[in-house]
Amino acid sequence: MIEFNKPPFIGTELEYIRQAAEENNKLCGDGPFTKKCSAWMQDNFNVKHAILTTSCTHALEMAAYLSEIQPGDEVIMPSYTFVSTADAFVLRGAKIVYVDIRPDTMNIDETKIEDAITEKTKAIVPVHYAGVACEMDTIMDIAKRHNLKVVEDAAQGVSAYYKGKALGTIGDFGCYSFHETKNYTMGEGGALLFQDENYLEKAEILREKGTNRSKFFRGQIDKYTWIDYGSSYLPSDMNAAYLLAELEEHEKIDRKRMAIYNYYHEQLRPLAEAGKIEQPVVPEGCVHNAHMYFIKARNLEVRTKLIKYMKERGVMCVFHYVPLHTSPAGQKFGVFHGEDKYTTKESERLMRLPMFYDLSEQDMAYVVECLMDFKEW
Ligand SMILES: *Cc1c(COP(=O)(O)O)cnc(C)c1O
């Protein structure tokens, strides 16, 4: 059977975890490996601050708090996204305003955002689906004119770029995921990125249980105390050790994922040319990271048959997301602004193919062969 996903394993992870456990005597958060991961992201993605967190969900929660979202504030985002994008803002009492997506990239339709803005709107949350950037110039311009915060959900966008800038470094905040389903992993984990120095102190306090312990560890104060609202958003240094091993070898992972993406893209082109499927689109100015490979079938009925057929042939293919505005919580906490022209329709057609670091050439070829044999397009 060909799995849909396997977490990447490069080989150096275990040595780093051994160092964390045997040599450093530091298993809790903000040890040497955590610091190295932060420094690595800051250098490689050209961002002032990159703080390791326990998940992208938690990075989003931190961003919602630091954006000073209050009960009743409105936050604009696509409905076609993972629940955490909305949850983080709902926890602060926000009302979610969904706008439609573009059918080409499955990203928020930047031309529909401005019409959804009211005097209660506080933030826009673009989600870089499949590591393909949203139209950030337009989004940043809208945000600037209406004095809104931009929180990038770049969970899938680590090592992807928009006009030369790393995703997650363009808005006020960027949120990464290092969950085992993402390109680089630490099991569960994420990062919060921002350029503005003014957020740093509040972010550190929020992450360290509401205390100024980060300052204490740097020797800037001689005792630490509770000074504000807080939680615990710092991962163990053992998890960071695993991640650092992967970040340092990221080119190996990138090369492999890109090879899989390009293979699928080339091999499946005849199906697209025959009008049986649609393939992913990467707009000018976007450098994607081969986070996923999806195809779109004609409609829900064909996709359902296709997933069943692939499973029968031993290939696990999955779909996502059920649009948030059609879910019980999504309806309770939000409202769709404008027409749902593409969100539901396009989400029902989309199917993801197996895509992971360890996928063999033989298995890739078998996936394509199965798709070529499918008769019920
Ligand atoms: C994976 C993902 C998340 C959540 O990431 P976690 O690290 O599991 O919290 C959020 N948003 C999007 C778009 C994702 O793909």
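I take buried to mean under 20% relative accessible area, exposed over 50%, and partly exposed in between (1.4 Å probe, protein chains only). The model is predicted: I use local features at pLDDT of at least 70 and side-chain atom pairs at pLDDT 80 or more, while totals for chains, interfaces and linings use all residues. Residues are numbered from 1 along each chain as its sequence is written, and side-chain values use heavy atoms, without hydrogens and water.

**Confidence**

I checked pLDDT, the predictor's confidence in each residue, from 0 to 100. The protein averages 97, and 100% of the residues score at least 70. Among the elements, α7 has the lowest mean, 90, and strand β8 (residues 173-177) has the highest, 99. Helices (H or I, at least four residues) and strands (E, at least two) are DSSP runs, numbered from the N terminus.

**N212**

I looked up N212 in the loop between α6 (200-207) and α7 (213-217). Is N212 buried or exposed? It counts as buried because its relative accessibility is 12%. I then listed its contacts (heavy atoms within 4.5 Å). Leaving out residues up to four places away in sequence, N212 touches I205, I221, K223, Y224, T225 and I227.

**K305**

K305 sits in helix α11 (residues 300-312). Its relative accessibility is 36%, so it counts as partly exposed. Beyond neighbours within four places in sequence, K305 contacts F374 and E376. K305 and E376 are 71 residues apart along the chain, yet their C-alpha atoms are separated by 7.9 Å.

**Ligand site**

Next I went through individual atom pairs. A backbone N or O atom of C56 is 2.9 Å from a ligand oxygen atom. A polar side-chain atom of D153 is 2.8 Å from a ligand nitrogen atom. An N or O atom in the side chain of S177 lies 2.7 Å from a ligand oxygen atom. Taken alone, the ligand exposes 380 Å², and the protein buries 92% of that. These areas come from the Shrake-Rupley method with a 1.4 Å probe.

I found a cis peptide bond from H320 to Y321, with omega near -20 degrees. Y321 lies in the loop between α11 and α12 (328-333). D30 is not a glycine, but it has a positive phi of about 60 degrees. I placed D30 in the loop between α1 (13-23) and α2 (32-45). K163 also has a positive phi, near 45 degrees.

Terms used:
A polar contact is a pair of N or O atoms within 3.5 Å; within protein, one must be able to donate a hydrogen and the other to accept it, and residues adjacent in sequence count only if both atoms are side-chain atoms.
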